[in-house]
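Welcome! Take a moment to look over the sequence and turn the model around on your screen. Then we can walk through it together, one topic at a time.

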Amino acid sequence: MRQKFLKMICSFMALLIFVGIAACGPQYDEVDEKDYSRWIIRFTSEYPSSIPEEGIELSIQELKKEDFTIDIYYDPVYKEMAEADIDFTLEPKTELFYVDDDGEQIEIELGNNLTLEKHYYFIRDILYAVDDSGNTNSVI
């Protein structure tokens, strides 16, 4: 009888330890993938442009509703910079954030992503427009 009681207590303790370990596992934030108002993109530019110095933040919902244009003012020095460095671009810097239930912006970064079961990627299309003289220009 005593041996049966000890087995039952050991089984119960093992169950408690297992439940405790499972409860301490990674906690995932719930993400509403359909709520585009929670996904925020911050645009900043180090070159003179229509973006304010502190940047501009827009939700994906806002971007889906209306066109958004950034004007970058031309300077002849940009041509020299592009000739010197093939990777030179006037493209604005973009940062992607998710607004959690507490209203905090969580920045989506490589290696320091949201603690989610899924991975989220921000994909940007590179588009080209043909001007009047037949030259193609990148319009992202």
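How many helices and how many strands are there in the protein?

## The overall plan

The protein holds three helices and six strands. Here helices (H or I, at least four residues) and strands (E, at least two) are DSSP runs, numbered from the N terminus. If you follow the sequence, the pattern reads α-β-β-α-α-β-β-β-β.

Before going further, please note that this is a predicted model, in which local features need pLDDT of at least 70 and side-chain atom pairs count only at pLDDT 80 or more, while totals for chains, interfaces and linings use all residues. Residues are numbered from 1 along each chain as its sequence is written, and side-chain values use heavy atoms, with hydrogens and water left out.

Of the 140 residues in the protein, 18% are buried. The word "buried" stands for under 20% relative accessible area, "exposed" for over 50%, and "partly exposed" for what lies in between (1.4 Å probe, protein chains only).

## A sheet of four strands

Four strands form an open sheet with antiparallel pairing, in the order β2-β1-β3-β4. At the edges stand β2 (56-59) and β4, each with a single partner strand, so one side of each has no neighbour in the sheet. From one strand to the next, the twist averages 35°. Axes here are lines fitted to C-alpha atoms, for helices over the stretch in contact, and angles run from 0 to 180 degrees between N-to-C directions.

Now zoom in on β3 and β4, which pair in the antiparallel sense over four bridges. Two strands count as paired if DSSP finds at least two bridges between them. Val99 has Gln105 in β4 as its bridge partner, and Phe97 stands opposite Glu107 in β4. The hairpin of these strands has five residues between them, and Gly103 takes a positive phi near 85° there.

## Salt bridges

A salt bridge is counted when a side-chain nitrogen of Lys or Arg is within 4 Å of a carboxyl oxygen of Asp or Glu. By this rule there are four salt bridges. Which residues are linked in a network of salt bridges? They are Asp35, Arg38 and Asp101. Arg38 meets Asp35 at 3.4 Å, N to O, and the closest N and O atoms of Arg38 and Asp101 are 2.9 Å apart. Asp101 lies in the loop between β3 (93-99) and β4 (105-108), and Arg38 in the loop between α1 (2-23) and β1 (39-44), so this pair ties together parts that are 63 residues apart in sequence. Asp35 is partly exposed, at 23% relative accessible area, whereas Asp101 counts as exposed at 61%.

Another salt bridge joins the side chains of Arg42 and Glu95 (3.5 Å, N to O). Arg42 lies in strand β1 and Glu95 in strand β3, so the pair ties together parts 53 residues apart in sequence. Glu95 counts as buried, with 14% relative accessibility.

## Aromatic rings

A pair of aromatic rings is described by the distance of the centres and the angle of the planes. Rings of Phe, Tyr and Trp (its six-membered ring) pair if their centres lie within 6.5 Å; planes under 30 degrees apart count as stacked, over 60 as edge-to-face and the rest as tilted. The structure holds five aromatic pairs. In one of them, the ring centres of Tyr47 and Tyr78 are 5.4 Å apart and the planes are at 80°, so the pair is edge-to-face. Tyr47 is in the loop between β1 and β2 and Tyr78 in helix α3 (residues 77-84), 31 residues apart. Tyr47 is buried at 16% relative accessibility, and Tyr78 is buried at 7%.

Tyr47 also forms an edge-to-face pair with Phe88, with 5.8 Å centre to centre and 80° between the planes. Phe88 lies in the loop between α3 and β3, 41 residues from Tyr47. Both Tyr47 and Phe88 are buried. Together, Tyr47, Tyr78 and Phe88 form one aromatic cluster.
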